[in-house]
Structure formats: C-alpha cells, structure tokens
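Hello,

Please find the structure we talked about just below, followed by some notes on what was found in it.

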Amino acid sequence: MGKADLEWIFQNYNNQLYLLFNFVNKSHQSLEEDASVALTTDCPDTNEALKETSKKLLRAISNDEKIVELDSQYSREILSALKAFKMSSSTRNILHEMVLSQIATLQEAMFKDCLEHIYISFPKTLMSKEKVSISDVLKHSHMADFIESHAKEEVQKLRGGIDSIQKIYNDKFNIDLTEFDDWYNIIELTYRRNLFIHNKGIINRDYFKAFTNAKKKSKKHMNAVFSSSRTDLKTTENMLEIDSFISMNDKYILDGINTLYNLNHFVREQILNKFYK
C-alpha cells in the first residue's frame, strides 16, 4: 500500500458523501412538491398568491423557521398546508434517521480503513506487547501476508466507537482529532445516531453526558437540534431532558454531511503529514 491507496480511500468516501448530499436534497424537494400537489388538490380554486403563502408555510415548518402571523381569511389554505405537511412529515423523519445512520457509518468506516492502511503500510505501528505464536506466523506464506492479516485483526478488535477511535489515533500516531474544529459536532452526531438505533430516539444518560462534555469543549457553535419546533439553540438546550425524544431538521442532516466531508479532509492532511512527508 502507498499514498495512492490512501488517496483512493478518501476519494471513495467523499464520493459517497456527495451522492448522499444530493439524495437528501432531492428527497427534501420531492417531499415539498408532494405537499404542494396535495394543497392544489384540496384547494383547486385557491388563487396563486394564497398557494404561494401556504407553500412558504410548509417550507417554514420543514426548516424550523419562525412563522409570521397569517390573516385568518387564509385558514382553509393554512389547514390544507398543515395537512399536506403531516402527510410528508413521517417520511421526512424516516429519511433523516436513515441518513443519520449512514453518515455515522461512513465516518466509522473511514477511520477504520485509514487505520488498516497505516498498519499495513507502516508495520512498525503494529508493535505492541501482545504475544504472537509461531504457528500464527507460519500460517502465512510471506511476511506481508502476516502483516496484512494481523492489521485486519487489530482493526476488528477496535471497540468503543468514536471515543476509542479518538484515543487510538492519539496514542498510536499522535494525531489529535480534537484539533478538527467541528470534532465535537462529530461526537454529538455519533451519540445521536446511537439513540435512534438503540433507544428509539429517546435521550439517555450516555447522550446527555456526551453532549454536555462536547458543548464545554467545542471550539465552535454546536449544530445540535433537539426539537423540530425549535426557535433557537439556547431555548432547546434548556429543554434537553433525559427520556425526552430528540428530533432533527433538514439543516442538521445537511450540516452533518458537510462536517464529515471536512473531517475527511482534516484526517487526510494529518496522515499525509505524519507518514508521507
């Protein structure tokens, strides 16, 4: 393995993120169009100005924006817009949960692929006090085969998620992932994914502790969203409670994809500077 193989790893993940970003944008657009069609069907005689007002209302609800007061004479159109939104909101929630899981999966896979690449390309990084039997070595025809096999085993042993990844990169390679400006947004996103996979999106003590610590250490504004009806982060942080449901909006998901893309660039630069200069 060499530098070209490392570049391929990052190019592969960046391509996947690009496809995921476009998929999310197109899905959001499709959901809005479906809601608009439902509005037109329910209110065929509504003039274009009122239809446009209702569409703006839909977009505001979808993106958690503040909604200006609307004249009560528009009540029929508003109710129709809300009905259309309700029809698409469940689909939107499913989409967000699926994409969040995929983002976190890509992030973990990227770190593990890079770890395996370093172990195989620079075998001295595999050195440890762990004993290896002669029979294990002799199972392989060449030393290169043994190194590759051992590297894969070491990566498979990795447990503990994002916290273990942070520790092993720091301890073994002196690569401090916390120097990435949005690292604690990555932490929050990962723990949020865990909530949806293991706890039906209900905030538990693990998430609460992880977010609280991340908020204290973060160099930048956190992307965290706790309620689909939020007005500002300060308000929703006060609403953050164990056993309450956590939700996401369109912006949170797209920000997450962009953050992971930037993380890929950061990790690439760190590895290149450490091993290929």
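From the N terminus on, the elements of the protein run α-α-α-α-α-α-α-α-α-α, which comes to 10 helices and 0 strands, where helices (H or I, at least four residues) and strands (E, at least two) are DSSP runs numbered from the N terminus. Please keep in mind that this is a predicted model, in which local features need pLDDT of at least 70 and side-chain atom pairs count only at pLDDT 80 or more, while totals for chains, interfaces and linings use all residues. Residues are numbered from 1 along each chain as its sequence is written, and side-chain values use heavy atoms, with hydrogens and water left out.

Of the 277 residues of the protein, 43% count as buried, that is, under 20% relative accessible area with a 1.4 Å probe and protein chains only.

In helix α6, the buried residues are Ile 162, Ile 165, Ile 168, Tyr 169 and Phe 173. Seen down the axis of α6, the buried residues fall within an arc of 125° (taken from the directions from the helix axis to the C-beta atoms), so they line one face of the helix. After α6 comes Asn 174, whose phi is positive, near 55°.

The lining of the largest pocket draws at least two residues from each of α6, α7 (183–198) and α8 (205–217), and α8 gives the most, with 7 residues.

Best wishes

Conventions. Buried means under 20% relative accessible area, exposed over 50%, partly exposed in between (1.4 Å probe, protein chains only).
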